[in-house]
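The sequence and the structure are shown first.

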Amino acid sequence: MKKTLLVALGLAFACAGALAAPEDAITKAGCNACHTKDKKLVGPSFKEIATKYKGQDVGAKLFDKVRKGGSGSFGPIPMSPNPPEKISDGDLKDVIAWILKQS
């Protein structure tokens, strides 16, 4: 019984950590300097991004956009490039998947 409880608690903590990971990566990489969850700051909100790309397979496109930076998708203000030293490939993929679920 104790073993089952410990396993259940371990899984609960692991799942909670996995759910918070994209938001932690966003904070660590400094994305919040220009983006918020639900309102425009310097760049579009995560919700605006999700709404624009809803139903589209754009994970690779957004990954490339974050890595290279650029402008024009949401207005004239450019987004600076974000190299792997700032956010790892795995974290970036998780963040993009999380963002696309915000609509």
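## Overall architecture

Along its sequence, the protein chain follows the pattern α-α-α-α. Its secondary structure comes to four helices and zero strands. The model is predicted, and the description below should be read accordingly.

Of the 103 residues in the chain, 26% count as buried. Among contacts with a separation of 6 or more, residues 24 or more positions apart account for 43%.

## Helix H3 and its buried face

Helix H3 spans residues 59-68. Within H3, the residues Leu62, Phe63, Val66 and Arg67 are buried. Viewed down the helix axis, the buried residues of H3 fall within an arc of 135 degrees, so they line one face of the helix. Ala60, Lys61 and Lys68, on the other side of H3, are exposed.

The cover over the buried residues of H3 includes helix H2 (46-52) and helix H4. Just after H3, glycine 69 adopts a positive phi of about 75 degrees.

## Packing of H3 against H4

The axes of H3 and H4 come within 10 Å and cross at roughly 120 degrees. This angle makes H3 oblique to H4, because angles over 145 degrees count as roughly antiparallel and those of 65 to 115 as roughly perpendicular, with the rest, apart from angles under 35, counted as oblique. The crossing of the two helices H3 and H4 is right-handed.

On the H3 side, the contact is made by Gly59, Leu62, Phe63, Val66 and Arg67. The H4 side contributes Asp89, Leu92, Lys93, Ile96 and Leu100. Leu62, Phe63, Val66 and Arg67, which take part in this contact, are also the residues named as buried in H3.

## Lysine 65

Lysine 65 lies in H3 and is partly exposed, with a relative accessible area of 24%. The cut-off for a buried residue is under 20% and that for an exposed one is over 50%, so the 24% of lysine 65 places this residue in the partly exposed class.

When neighbours within four places in sequence are set aside, lysine 65 is in contact with Gly70, Ser71, Ser73 and Met79. Its C-alpha atom is separated by 9.5 Å from that of serine 80, a residue 15 positions away along the chain.

Glutamine 102 lies in the segment after helix H4 (89-100). With a relative accessibility of 15%, glutamine 102 counts as buried. The side chain of glutamine 102 reaches the backbone oxygen of tryptophan 98 at 2.9 Å. Apart from residues up to four places away in sequence, glutamine 102 touches Lys37, Phe46, Lys47 and Ala50.

One of these partners, lysine 47, lies in helix H2. Lysine 47 is partly exposed, with a relative accessible area of 42%.

How values were computed:
Residues are numbered from 1 along each chain as its sequence is written. This is a predicted model: local features need pLDDT of at least 70, side-chain atom pairs count only at pLDDT 80 or more; totals for chains, interfaces and linings use all residues. Side-chain values use heavy atoms; hydrogens and water are left out. Buried means under 20% relative accessible area, exposed over 50%, partly exposed in between (1.4 Å probe, protein chains only). Contact means heavy atoms within 4.5 Å. A polar contact is a pair of N or O atoms within 3.5 Å; within protein, one must be able to donate a hydrogen and the other to accept it, and residues adjacent in sequence count only if both atoms are side-chain atoms. The arc is that of the directions from the helix axis to the C-beta atoms. Axes are lines fitted to C-alpha atoms, for helices over the stretch in contact, and angles run from 0 to 180 degrees between N-to-C directions. A crossing is left-handed if the near helix is turned anticlockwise from the far one by less than a right angle, and right-handed if clockwise.
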